[in-house]
Amino acid sequence: MTSQESALAADIEIATRAMPGVAALFRAGSLASNVLDAGARAIGIRDDSDPLIRLEQTPEGLRVDIAIGVQDHAGAVETIRRVQAAVRVVIEEQHGARAEIRITVVHINDTTTQGGEA
Amino acid sequence: MNTHDTPDPLRMEPDDLDGHTIEELSDYLDSGRSPADPSIDESAGCQIALDALERLRVLTPELIAADTAAESEADEGWVQSILAGITLDARAGRRIPIVIDPPGPDAGITEGAVREVIRAAENTVSGVLIGRCRFDGDVTVPGEPVLIRVDVSVPYGQPIPGLVDRLRTEINMRLSAHTTLNVTGIDITVSDLRHPSSRTGEER
């Protein structure tokens, strides 16, 4: 990831976390890539503070992959709508072009239990 | 019709919980999630399993002690089924599309998160515990009819039709908030009736 992409990913992460209903951010991507990523972090060749957002340059343009946890009371459908709108603004401001945004809800934060923050 | 569940859900692969086991997660809860373990806190699968374990502890502390010799075989079977459900929930499973209007992002929710949504409905219907949860229909195709099937355990002495109706209403409401699935029905099977005195060995 270039420094420009890292900065964009970091800003997308901030915008996503700021949205009502977002309980946590998780590392986006496939299981295999996440296992490799966890290994890389374990042996110190990747920083824990690296963005959880995945950016990928494809022939069609930029692709943004986001995995979120949602507060139970907020609703996944409504929260995705908000995140999508916020992320689109950040991308248009910084990237200047449209991007494909992929958002996946991977956890619903049950308000009756103690959920962990990623 | 496509029924999707796992034949032997207690058989967990290490990657299902990002390298952790249910026992480790149980210990993590015992320690009050301290010291914080990022490999657990940043894993959606672990978070789903932790939530379910915590709910189970709050709702039925006596079930947690089910591995003691005092418990009957039938009770152990039900606890195994609950734990099986938790481990199954922790698997991300298929990605279920969420249709946003107007069309925008490629949005979705993991099958594990949807199972978690269904299972958490037990919080609002006192004493009900959800065991197996299955989807009949292809959840990966937007608009495809999907029938939800859940097995539940209910406490002895409470009118079952009322409990089941409340649970069905709650599951339906929660699915509407978190998914855009075309749910054609929610079948609830009461597969266990719990006698409080048989759990603890105390007479009431």
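Mentor: Start with the buried residues of helix 7 of chain B: B:L167, B:I171, B:R174 and B:H178. Bear in mind that this is a predicted model. Those four residues cover an arc of only 70° around the axis, so they sit on the same side of helix 7 of chain B. The general rule fits here. An α-helix has 3.6 residues a turn, so residues three or four places apart point the same way.

Now turn the helix over. The face away from the buried side carries exposed residues, B:P161, B:G162 and B:M173.

Helix 7 of chain B covers residues 160-178, which is 19 residues. At 1.5 Å a residue they should span 27 Å, and the end C-alpha atoms are 27 Å apart, so the two values agree.

What covers the buried residues of this helix? Both chains contribute. From chain A, the cover includes helix 3 and strand 4. From chain B, it includes strand 3, helix 6 (111-119), strand 5 (145-155) and strand 6 (182-194).

Take the chain A side of that cover. The contact between the chains takes 31 residues from chain A and 33 residues from chain B. On the side of chain A that touches chain B, the elements giving two or more residues are helix 2 (31-42), helix 3 (76-94) and strand 4 (99-109). Strand 4 of chain A gives the largest share, nine residues. By class, this side of chain A has 13 nonpolar, 10 polar and eight charged residues.

Strand 4 of chain A also pairs across the contact. Its partner is strand 3 (residues 106-110) of chain B, in the parallel sense, over four bridges. One bridge partner in strand 3 of chain B is B:D106, which faces A:R102.

Next, helix 6 of chain B, another part of the cover. Look at B:I118. Beyond residues up to four places away in sequence, B:I118 touches B:I130, B:C133, B:I148, B:V150 and B:I171. B:I171 is one of the buried residues of helix 7 of chain B.

B:I118 belongs to the largest nonpolar core, which has 71 residues. Those with the most contacts inside this core are A:V64, A:I68, B:L25, B:A49 and B:I118. The largest share of the core, eight residues, comes from helix 3 (residues 44-59) of chain B. In soluble globular proteins, nonpolar side chains tend to be buried together.

With 15 other C-beta atoms within 10 Å, B:L147 is partly exposed. Leaving aside neighbours within four places in sequence, B:L147 is in contact with B:D136, B:G137, B:T184, B:G185 and B:D187. B:L147 and B:T184 are 37 residues apart in sequence, yet their C-alpha atoms are 5.5 Å apart.

Finally, set the helix in its chain. Chain B has eight helices and six strands. From the N terminus on, its elements run β-α-α-α-α-α-β-β-α-β-β-α-β-α. Of its 204 residues, 39% count as buried. Among contacts in chain B between residues at least 6 apart in sequence, 66% join residues at least 24 apart.

Conventions
Residues numbered from 1 in each chain as written. Chains lettered and ligands numbered in written order. Predicted model: local features only at pLDDT ≥ 70, side-chain atom pairs only at ≥ 80, totals over all residues. Contact = placed C-beta atoms within 7 Å. Nonpolar A, V, L, I, M, F, W, Y, C, P; charged D, E, K, R; others polar. Pairing = 2+ DSSP bridges. Expected span 1.5 Å × (residues − 1). Buried ≥ 20, exposed ≤ 12 C-beta atoms within 10 Å, placed from the backbone. Arc of directions from axis to C-beta. Core = buried A, V, L, I, M, F, W, Y, C linked by C-beta atoms within 7 Å.
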